[in-house]
Structure formats: structure tokens, C-alpha cells
Amino acid sequence: MTYFLQQLINGLQLGFVYALIALGYTMVYGIVRLINFAHGDVFMVGAYLGFFAIASWRLPFPVAIVVAMVGCALLGVLIERLAYKPLRRAPRISSLITAIGVSLFLEYFTSLKFVFGPYFRAYPRPFAVRTYELAGITISNIQIIVFGVALVLMVALTLFVNRTKTGLAMRAVSFDHQTAALMGINVNNVISITFGIGAALAGAGGVLYGIAYPQINPFMGIMPGLKAFVAAVLGGIGIIPGAMLGAVIMGVVEKLTEVYISSTLRDAGAFAILIIVLLVRPSGLLGKKQKEKV
Amino acid sequence: MTNNLLEIKGLTKAFGGLVAVKDFFLQIAPGTLTGLIGPNGAGKTTVFNLITGMIMPTSGAVVFQGRDIVGLKPFQVYRLGISRTFQNIRLFGELSVLDNVRVAYHYRSDAGLFDALVRSPRFRDREREITERARELLSLLGLELRERELAKNLPYGEQRRLEIARALMAEPKLLLLDEPAAGMNPAEVGRLMELILSLKERFKLTILLIEHQMKVVMGICQQVAVMDFGELIAEGTPAEIQNNSRVIEAYLGRPGGAGVA
Amino acid sequence: MKKVREIGPGWWALVIIVFFLLLLQGLIIAGLVNPYIQTILCYAGVVVISALGLNLIYGYTGQFSLGHAAFYGIGAYTSALITRLLPGWGFFALPLGLVAGALVAGVIAFLIGLPILRLKSDYLGIATLGFGMIMNVLFKNSDKVFKVMGGAAGMRGIARLTTFLWVAVIAVLAVVMLRNLVFSAVGRALVSIREDELAAEAVGIDSTRYKTLGFVIGCMLAGIAGGLYAHLYTYLNPDNFDFLKSIDVLLIVVIGGLGSISGTVIAGVGWALLLEGLRIVLPSAVQEWRMVVYPLVLIVIMLVRSGGIMGRNEFDFLKPADYRRR
């Protein structure tokens with residue numbers, strides 16, 4: 001039982017990192033109906049920014065997270081303006097292909113030797129790892145930081161979306177671009193802000209991932225990115241609490257499959273659940289049922 | 001047994017708490033032209049969707065040629081001989097005008113996948129027959145010069161006519177027209193009325209049509225059914241309907257009451 | 001009076017293409033084409049066959065699939081197993097392997113397609129992505145069932161049976177059959193589902209049946225391509241059939257033009273020749289830039305021509321007479 005609880009906590013840790021990535025996917029999808037495949041690579045860039053902030057510039061850990069978030073936000077907005085905005089009226093698949101292009105570009109460009117380099121790097125930890133025992137379950141200070149930072153950011157995001165004028169504008173745009181524009185909302189800015197916020201969260205996720213699983217490389221974003229996206233769909237894409245719920249489920253299922261069934265089957269469990277959920281509730285766990293109008 | 005082509009008995013459809021169609025009855029005799037009218041949101045299109053199997057009724061029966069067709073899928077209903085047009089025109093935009101019509105005859109072809117893959121003689125024969133029939137319908141509807149255009153590039157009026165041509169492809173017995181005159185000017189409406197009558201004559205059709213333009217309903221329908229808030233409130237000849245107090249009330253609101261638009 | 005059928009441009013084009021491919025085959029027999037180039041030419045054909053399959057599924061029928069590489073992998077592993085089991089069958093080993101690969105891919109496509117093809121657009125894409133992920137995990141654990149499949153370490157010792165002639169014949173057949181299919185009643189039914197599924201049902205098309213049909217045929221093409229791939233490179237690794245490989249095929253289909261056979265052929269051949277060809281042509285110092293420039297080219301193509309190279313058009317010679325412009 002304690003072993004199960006222990007693994008549950010490890011799964012939650014993974015799930016919280018996924019959640020930070022999944023939020024960006026879900027917000028962007030909600031507002032422009034785009035599967036932003038480059039999002040996992042923004043997460044990777046965030047991990048590297050944190051890496052340099054800690055290892056090269058010797059910044060304190062909280063500042064490193066801020067650096068990663070700001071850097072990724074700028075990157076997210078830049079990508080949106082250069083690659084996606086010109087295609088907003090084109091077929092949706094064109095933006096998707098462009099997103100894949102941006103993703104490949106980020107991976108291979110940062111692999112160049114004068115950028116991040118193609119090799120694995122060990123992630124520096126700005127503090128010693130401590131573990132605390134509680135009723136037979138070990139929790140490390142790393143895990144506490146991951147939970148803490150992720151929770152703070154998620155609460156902040158929820159408050160931002162629900163309580164601020166910009167958050168209201170975001171929700172309006174996600175319902176209908178044209179109507180929102182008629183209400184005097186600057187749709188372009190709202191979309192950019194959405195990309196920026198999503199990317200910033202992924203950047204924070206990257207740093208947390210780095211300290212938790214201390215090895216990074218330019219292709220590290222592919223799998224967590226995909227899984228976070230799947231998590232967003234699982235919870236009901238476009239719905240912020242859904243992304244958090246889906247991500248936590250993905251993380252926990254992945255961890256439990258790994259320890260109880262087989263580590264080589266780790267990825268199969270989560271995806272099997274995804275397919276089953278889609279068949280039973282096509283719009284995700286928290287999604288609203290949509291009916292086509294005849 | 002009755003000789004009615006279509007009998008709708010106690011049809012009810014609830015979407016959650018909203019009852020869109022409530023205990024609806026309608027009989028349609030073969031060879032007749034019936035109008036289904038009512039204020040916006042009365043449930044007319046929902047009735048069409050229920051007849052054609054696009055949505056499942058909560059209760060009730062739709063009997064076509066003596067057979068209850070509730071539960072059949074739309075393509076099965078079509079194959080029995082009921083075809084329809086849509087209020088908001090649903091053509092296959094990226095297909096040519098000719099293909100839009102040809103596609104509707106597809107299921108009658110006994111040439112299968114293998115025949116298509118190798119272009120067998122049987123495939124060629126069927127394809128020629130389908131094409132001939134499609135061209136005949138297109139020329140009846142004045143679209144013969146457009147056959148290679150993409151459907152999405154046609155002007156509005158021609159799109160409406162193309163949808164009718166498509167609906168006629170499989171020799172339906174019952175044709176459901178959902179606001180065929182919507183968005184047309186008076187001259188076009190006049191021509192449409194003539195067209196509907198001539199097609200009905202030529203193909204021995206039975207027609208049920210939803211329409212807001214009273215000129216059409218009063219001009220060509222033999223029978224009119226009026227719906228309001230999902231219920232049948234009146235039925236009769238156009239002249240009877242015009243003087244029915246409940247109908248006038250449904251359209252104009254109760255005298256002195258809160259007329260909700 | 002029996003009408004004499006005119007020999008249309010389609011037949012002339014076929015003759016010219018077959019002649020050209022035979023000429024290439026002659027050069028190969030004469031030993032004038034180095035083995036590496038031969039492999040790339042074969043690979044181009046394999047890519048085209050697989051991409052034609054995805055175009056049928058996504059371009060024509062409108063069913064978004066992000067799991068195409070899984071079926072490619074199923075075909076590859078199945079056919080490799082078959083030829084391993086039939087060592088003495090000589091000439092017939094490869095065709096048997098390909099047929100088996102196509103059938104297994106088709107049957108699995110049917111079984112998975114029936115439930116998931118109910119999903120629409122992005123959701124279908126995600127479900128197929130999930131299926132691809134699961135298949136990839138299964139490939140990695142394949143050694144637990146069949147030792148020879150090698151699991152994560154990969155499957156070795158497959159006979160090199162794929163030749164340029166095989167690939168050319170199958171690719172030409174695939175193009176001709178697919179062309180016959182899309183310009184037929186079946187093809188019209190598939191496209192009508194892409195355009196408006198509900199309206200298609202309203203004109204008598206059993207959309208479930210046709211979506212499944214398109215999906216199965218498309219996945220069988222992937223299976224055949226996978227079989228050719230297995231016997232071209234003689235080594236299979238689960239990573240050759242992961243999500244990124246599904247994306248590669250998707251890129252080719254979209255860049256060529258969704259719903260265009262001509263576009264898929266151009267984009268598939270171009271993609272294989274450029275991406276693989278540049279691997280030998282470029283000096284090693286700039287090798288790493290190959291994959292940096294490639295996505296930029298993708299983005300530029302999408303920004304300039306968002307419908308792909310051919311849009312939904314075909315070369316005129318591919319169209320039957322009643323589809324050609326007068």
C-alpha cells in the first residue's frame with residue numbers, strides 16, 4: 001500500500017509537469033483550433049533556458065524559472081506571429097503542417113553545435129536533494145517544488161482567465177472570433193497573449209522537468225509534448241481544468257503501468273485509456289457534447 | 001390499412017428539457033403536395049430530420065408505405081424512396097455539378113469495387129447510365145451547361161436547383177423540400193413554383209415542403225399543416241388555414257398578449 | 001454499331017512512363033546506377049505507395065490519420081516474418097510476403113477502423129496517433145512473442161528481395177488502381193463523405209461502410225509499402241514506424257495536395273530524392289543543416305501555397321474523359 005502511494009506521488013509529479021504543458025495546448029486549441037505541435041519544443045527551450053540560467057549565469061532558482069517563462073513567452077508569441085498568423089484563413093491542415101515545421105526547426109536548429117548542441121546534458125540542481133519520510137512514503141524537496149510551482153501557476157492561470165478583463169476576452173475569442181471582434185476585442189492581441197501564456201507555462205514545466213529528471217537534449221520535448229497534448233484531449237480540449245485532470249491521469253497511469261506491468265509497456269497504457277475515453281466520451285472527460293446542426 | 005404514403009403518428013422529440021416536436025401527427029396521400037408551415041423554431045426542420053433518420057425520435061412512429069422506418073439510418077431511408085433538400089444548402093462543394101448528382105445514384109449500381117479498380121465493361125455501362133440520367137436531370141433544371149463547374153462556384157439560385165436535381169436522382173417517391181424558395185426574388189419564386197409542379201407531374205412525386213413564403217404555400221399546396229411550439233395546431237386546405245384563428249394567433253400573437261417573436 | 005474506343009492520353013502517358021522506368025531498369029542491369037542511388041530510387045517508390053494510401057484516407061475520404069506508420073510497420077514486420085518462414089520460395093517469397101503484409105494491415109485497419117472512424121477530424125487524428133503509439137510499443141515488445149522480430153533491438157537478417165523492378169511495377173499499379181478508384185462511383189462516395197458526411201448519408205451513401213473501405217484500402221497500401229521497405233533495408237527498427245514517420249507521410253500528402261494523386265507522386269519522389277539524396281551529395285560539414293533547412297522549406301511552401309503543390313488537381317492524362325476540361 002505504501003508502495004502504491006509512493007508510486008502515486010511519483011505519478012502525480014509527472015502529471016503536474018504534463019499539466020503545465022497541456023495547459024498551453026488546450027488554451028491554444030481552444031482559441032485557434034490548432035494542434036500546436038511546436039509546443040513540446042517550446043518546453044524544451046524552457047528547460048535549456050533554465051539550464052543556462054542556473055549553470056552559466058548562476059542565477060537563483062526562482063529567477064531561473066522566471067527567465068525560462070519570459071523567454072518562452074517571447075518565443076511563443078514570435079512563432080505565432082511569424083508562422084501561424086499568416087495562415088489563419090488558410091485550411092486548418094496548413095497551420096498544422098506549419099506547426100510541425102516549426103517543431104522540426106526548433107529541434108534541429110537547437111541541435112546545431114553553436115546553439116544547444118545535439119548531446120544530452122546533465123541538469124544542474126541549484127540545491128541539495130533532500131528527502132522527507134512521512135508514514136513510510138518518501139517525498140523529496142524536488143517533488144515539493146514541482147508540486148508547489150505547478151499549483152501556484154495553475155491557480156494563477158485560473159484566476160487570470162476567470163477574473164481579469166483579458167481572461168474574459170480570451171474566453172470570448174474562443175467562442176467566436178468575429179463576434180469578439182465586434183465587441184471591440186483586439187483578437188490578434190488576445191491570440192498572441194494566449195500563445196505567450198501557454199508558452200510561459202511550458203517554459204516553467206521545462207525547468208521543473210529538468211530538475212526532476214535531470215537530463216535534457218533538444219529532442220526531449222517530443223514525447224512529453226505528445227503526452228501532454230493527449231492529456232488535454234483526454235480532459236476535454238479547450239477546457240482548462242480538463243487539461244489538468246487529463247495530465248494528472250496520464251502521469252499516474254504511465255507511472256503505475258511502468259511499475260506494476262512493464263516499463264516497456266509504459267506508453268501503451270495511457271494511450272489505450274485515451275482511445276477508450278474518446279470512444280465513450282468523444283469530447284473528453286470534462287468536455288461538452290457537441291451535436292452537429294442539421 | 002390505409003393508402004397513405006406516409007403516416008406520422010405521435011412523433012415526439014425532446015432535446016434535454018426542450019421538446020422540439022410534441023405528439024405530431026400527419027398523413028400524406030400519394031401524389032399530393034403538402035405544405036408544412038409555422039413560425040421560426042416551431043420544429044418543422046426537426047420533423048424532416050426525424051423522417052429522414054438524421055435524429056432519433058423520443059417516441060412515435062414514422063410509417064412509410066406501411067413500414068415503420070424509425071431507427072433506420074439516413075442512407076437507408078433514402079434508399080426506400082425518401083429524399084430531401086436542406087434549408088442551408090448542403091452540396092458537395094469540391095465536387096463538380098455532374099458528380100454532385102451522380103453520387104446520389106451510386107447505391108443502385110451493381111458494379112462494385114473490383115469493377116471500378118479495373119474499369120470493367122460492366123462498370124463502364126453503369127457509369128454511362130448514371131451519367132445519362134444525371135445529365136437529363138441537370139438539363140431539366142437548367143444546369144446542363146454547368147456540369148463541370150465545382151458546386152461551390154455556382155450562384156445561390158443554381159445551388160438550390162442543383163440540390164433538387166440531386167434529390168431526384170434516385171427516383172424518390174417522397175420528396176422533402178426545406179424552404180426551397182428562401183432568398184429568392186418574386187420572379188424566381190414564380191419560376192420555382194412552376195418547376196416544382198412540373199417535376200411533381202413528370203416523376204409522379206409526392207412532396208412535403210417547408211416554406212415561409214405564403215405565396216408558394218397558397219399557390220401550389222393542396223394540403224397545409226401548421227406547427228407551433230412543436231405541435232400540430234391546424235391542418236386543411238390553404239383556404240381553411242388562412243382563416244383559422246389558431247394559425248393567425250400563432251403568427252401574430254394573441255390579441256393583447258405578449259407576442260414573442 | 002460498336003464504338004471503337006479511342007486511345008486516350010492516359011494510355012499514352014502510361015506507355016511513356018513504363019518505357020522510362022524500363023529504361024532505368026536497363027541502366028541498372030547494365031550496372032550504370034550505383035547501389036546507393038538504386039536504394040534511394042526504390043525508397044522513393046515505397047514512400048509514394050504509402051503516401052497514396054494516406055491520401056486515399058485523408059485527402060479523398062477526409063479521415064484524419066496520424067497513425068499511418070503503424071500500418072506501414074505492420075506490413076513490414078508481417079512480410080519479413082513470412083519471407084523468413086519461406087526461405088526456399090525464391091521468386092514467390094516477396095509477393096507472398098507483400099500480400100500477407102497487406103492483408104494483416106487491412107484486417108487490423110478494419111478492426112480498429114470500425115470503432116474509431118466514428119470520431120471526427122482532430123479527435124480521429126488523436127485516436128489514430130494513440131493507436132500508432134500502442135503499435136510502436138508492441139513492436140518494441142515483439143521479441144516476447146516472436147523471438148526473430150527482435151523487439152526494441154530491431155529485426156535483422158531479412159533477405160534483400162526488393163528490386164527496382166518490383167517497386168516500379170507496384171507503384172505504377174497503385175497509381176493506376178487508385179486513379180480508377182477515385183474517378184468512379186466509389187471515389188465519388190468517398191469524396192462526398194469528406195465534403196459533407198451528413199449530406200452524403202442523405203443521398204444514400206453508407207458513410208460507415210465507405211469510411212472503413214477507404215481506411216482499409218489506404219492501410220493496405222501502407223502495408224505493401226512496409227513490406228517493400230523491409231526487404232529493401234533488410235533491418236527493421238520500431239523507431240522506423242513511430243509517430244514521426246506518420247508525420248513524414250502526412251507532410252508528403254499535404255505538400256503534394258490533399259486529394260491529388262499527381263501531387264502525392266511529385267511530393268513523395270521529391271521528398272525521398274532530396275532528403276535522402278542530399279545525405280550523399282552534401283559535404284559532411286553542412287549535413288546537420290539539412291534538417292534545419294527542410295522544415296523552413298515546409299513552412300515556406302505552406303505560407304506560399306497552402307493547398308499544396310497540386311491543390312486538388314490532377315495532370316490531365318490521369319483524368320478519365322468525362323472529368324477532363326473541354
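Guide: Welcome! One definition to begin with: the bounds of a domain come from an automatic or database domain assignment. By such an assignment, chain B is divided into domain 1 (1-81 + 172-261) and domain 2 (92-156). Please keep in mind that this is a predicted model.

Visitor: How far apart are the centres of domain 1 and domain 2 of chain B?
Guide: Taken over C-alpha atoms, the two centres are separated by 30 Å. The C-alpha trace of chain B as a whole spans about 70 × 40 × 35 Å along its principal axes.

Visitor: How do you know what share of the contacts in chain B join residues at least 24 apart?
Guide: Two residues are in contact if their C-beta atoms lie within 7 Å. Taking contacts in chain B between residues at least 6 apart in sequence, 66% join residues at least 24 apart.

Visitor: Why is B:Arg119 called partly exposed?
Guide: A residue is buried with 20 or more other C-beta atoms within 10 Å, and exposed with 12 or fewer. B:Arg119 has 18 such neighbours, so it falls in between and counts as partly exposed. You will find B:Arg119 in the loop between H4 and H5 of chain B. Its phi is near 50 degrees, a positive value in a residue other than glycine.

Visitor: And why is A:Arg58 called exposed?
Guide: Here the count is 10 other C-beta atoms within 10 Å. The cut-off for exposed is 12 or fewer, so A:Arg58 is exposed. A:Arg58 sits in the loop between helix H2 (39-55) and helix H3 (61-84) of chain A. Although not a glycine, A:Arg58 has a positive phi of about 55 degrees.

Visitor: What makes chain A as compact as a globular protein of its length?
Guide: Chain A has 11 helices and four strands. For 294 residues the globule rule gives 19 Å, and the radius of gyration of chain A is 19 Å, so chain A is as compact as a globular protein of that length. Its C-alpha atoms fill a box of roughly 55 × 45 × 35 Å, and 52% of its residues are buried.

Visitor: How do the axes of helix H1 and helix H10 of chain A cross?
Guide: Two packed helices are described by the angle between their axes and the distance between the axes. In chain A, the axes of helix H1 (residues 2-32) and helix H10 (residues 240-261) come within 6 Å and cross at roughly 140 degrees. This crossing of H1(A) and H10(A) is right-handed. The contact has 16 nonpolar, eight polar and two charged residues.

Visitor: How do you know that the radius of gyration of chain C agrees with a compact globule?
Guide: A compact globule of 326 residues would have a radius near 20 Å; chain C has 20 Å, so the two agree. Chain C has 12 helices and zero strands. Buried residues make up 55% of chain C, and its C-alpha atoms fill a box of roughly 55 × 45 × 45 Å.

Visitor: Why does C:Ala30 count as exposed?
Guide: C:Ala30 has 8 C-beta neighbours inside 10 Å, and with 12 or fewer a residue is exposed, so C:Ala30 counts as exposed. Its place is in the loop between helix H1 (9-29) and helix H2 (35-60) of chain C.

Visitor: How many residues of chain C are in contact with chain A?
Guide: 31 residues of chain C are in contact with 35 residues of chain A. Among the elements of chain C that each supply at least two residues to this side are helix H4 (93-116) and helix H12 (287-304). By class, that side of chain C has 25 nonpolar, three polar and three charged residues.

Visitor: And how many residues of chain B are in contact with chain C?
Guide: 30 residues of chain B are in contact with 23 residues of chain C. The side of chain B that touches chain C divides into 15 nonpolar, five polar and 10 charged residues.

How values were computed:
Residues are numbered from 1 along each chain as its sequence is written. Chains are lettered from A and ligands numbered from 1 in the order in which they are written. This is a predicted model: local features need pLDDT of at least 70, side-chain atom pairs count only at pLDDT 80 or more; totals for chains, interfaces and linings use all residues. Ala, Val, Leu, Ile, Met, Phe, Trp, Tyr, Cys and Pro count as nonpolar, Asp, Glu, Lys and Arg as charged, and the others, Gly among them, as polar. Axes are lines fitted to C-alpha atoms, for helices over the stretch in contact, and angles run from 0 to 180 degrees between N-to-C directions. A crossing is left-handed if the near helix is turned anticlockwise from the far one by less than a right angle, and right-handed if clockwise. The radius of gyration is taken over C-alpha atoms; the globule rule is 2.2 Å times the number of residues to the power 0.38.
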